Amino acid sequence: MAFQARTTVEVDRLRLDRQNPRLVETNQDATDEAIIARLYVSSDLEELLQSISANGYMDIEPLVVLGDPGDRSRHLTVLEGNRRLAALRLLRDQELVARVEKATRMAIRIPEVANGKLSTLDHVSVYAVADRADARSFIGFKHINGPARWDAYAKARFAAHWYSTGRNDDVDLQTIARAIGDKHDTIKRMVSAIYVLEQAKNENLFDIEDRFGRRLNFSHLYTALSRSQFMDYLGLEPAWATHDPHDDQVPRERLEALRNVLVWIYGSKIDETEPVIRSQNPDIKRLGEVLANAQALHVLETKRDLDAAHASLEPVDRRLTTSLIKAREHLNDAVRSLRGYDGKDQSLLDIAADIRETSDIVHGRMKQKRKDAGRDRV
């Protein structure tokens with residue numbers, strides 16, 4: 001790695017990195033306010049702000065910057081240390097705080113800097129590199145297996161960007177995995193999932209920014225894509241994720257299926273649609289089983305109910321047995337709780353009447369079928 005000697009620069013010369021893997025999407029046109037807001041929400045800036053305001057900036061670990069510190073006519077892009085830079089800028093610039101709050105419509109809590117500590121926010125130590133490739137191994141190892149780990153999505157985006165920009169120089173995923181200290185197969189699965197997300201975005205099918213909840217469970221996707229039922233549904237060749245990833249991995253005739261899978265996993269804010277996946281285990285497995293069955297898939301597509309779709313996979317006789325046993329358990333619970341009924345609520349009495357009527361229907365039909373079966377034996 002071609003790091004220049006440690007030097008000190010003014011904070012005003014530093015710029016945030018618009019390719020920072022902590023950000024959910026790479027957007028070269030993103031404003032500083034948008035980037036800082038993203039870091040504030042996703043990277044626990046509050047704790048860092050509190051620490052710096054109380055103790056001053058502790059210049060122990062240099063930032064890694066892209067550019068020449070000696071050329072004072074140019075800004076320096078921070079490749080490693082964007083959280084620290086965002087915190088410093090918020091503590092030094094109240095107008096920036098106001099702009100972030102206006103852009104995001106959320107309150108940014110900025111603690112007051114302790115007496116005598118304000119001057120520590122003006123300069124920071126940096127190591128400079130001539131290009132991103134010089135810093136990749138260091139940054140990747142630190143945030144993937146080191147003390148300041150990224151989440152799975154940031155890790156995958158970092159590896160995917162490294163791979164896509166290095167393929168012409170014969171950089172493969174095995175080399176990247178060794179450099180950042182992770183398993184080769186894991187990195188392949190994660191990068192392949194990133195390519196699938198990018199294909200969905202490029203085709204205007206789905207944008208991960210449109211997911212229903214704030215949290216991004218990236219492992220849901222790369223785990224799903226490693227299961228044979230999802231591969232078949234999406235038209236992916238068997239063991240596709242063991243090969244080097246490439247653009248447009250899902251065939252065009254399966255793009256609508258790709259959108260379905262992503263919305264089932266992540267939901268959609270625009271469509272006000274919640275995901276059907278509540279937890280990776282067992283819901284990813286259950287969704288895969290539904291995808292492999294035409295009847296269950298139809299139930300999922302029409303009802304958007306994974307429980308109902310998966311229940312349709314169960315044979316009718318087993319479903320009847322399960323339903324009767326559960327109904328008896330619930331009724332026994334009601335019997336044990338009868339002391340809680342004071343006789344005043346007519347609606348509860350009506351519910352009990354409906355249950356009696358329904359149970360009579362079930363019992364009557366089963367009794368008749370029993371008689372019919374006896375006559376058939378004779």
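Reader: Is L348 buried, partly exposed or exposed?
Author: In this predicted model, L348 has 45% relative accessibility, so L348 counts as partly exposed. Buried would need under 20%, and exposed over 50%.

Reader: Where does L348 sit?
Author: The place of L348 is in helix 16.

Reader: And which residues make the nonpolar surface patch?
Author: L331, Y341, L348, L349, I351 and I355 make the patch, which covers about 500 Å².

Reader: Which helix gives the most to the nonpolar patch?
Author: Helix 16, residues 346-377, gives the most, with 4 residues.

Reader: New topic. How many aromatic pairs are there in the whole structure?
Author: A search of the whole structure turns up 5 of them. One is F206 with Y266: the ring centres are 6.4 Å apart and the planes are at 25 degrees, so the pair is stacked. The cut-off for stacked is planes under 30 degrees apart.

Reader: Where do F206 and Y266 lie?
Author: F206 is in the loop between helix 8 (184-202) and helix 9 (218-224), while Y266 is in helix 11 (residues 255-266). The pair therefore ties together parts that are 60 residues apart in sequence.

Reader: Is F206 buried or exposed?
Author: F206 counts as buried, because its relative accessibility is 5%.

Reader: What about Y266, buried or exposed?
Author: Y266 also has 5% relative accessibility, so Y266 counts as buried.

Reader: Which residues do ring pairs link into a cluster?
Author: Y153, F218 and Y222 are linked that way.

Definitions and conventions. Residues numbered from 1 in each chain as written. Predicted model: local features only at pLDDT ≥ 70, side-chain atom pairs only at ≥ 80, totals over all residues. Heavy atoms only, no water. Phe/Tyr/Trp six-rings, centres within 6.5 Å; stacked < 30°, edge-to-face > 60°. Helix = DSSP H or I, 4+ residues; strand = E, 2+ residues; numbered from the N terminus. Buried < 20%, exposed > 50% of the residue type's maximum accessible area, 1.4 Å probe, protein only. Patch = residues over 30% accessible without salt bridge, like charges linked within 9 Å, V, L, I, M, F, W, Y side chains within 5 Å. Areas by Shrake-Rupley, 256 points an atom, 1.4 Å probe, with all protein chains shown as cover. Salt bridge = Lys/Arg side-chain N within 4 Å of Asp/Glu carboxyl O.
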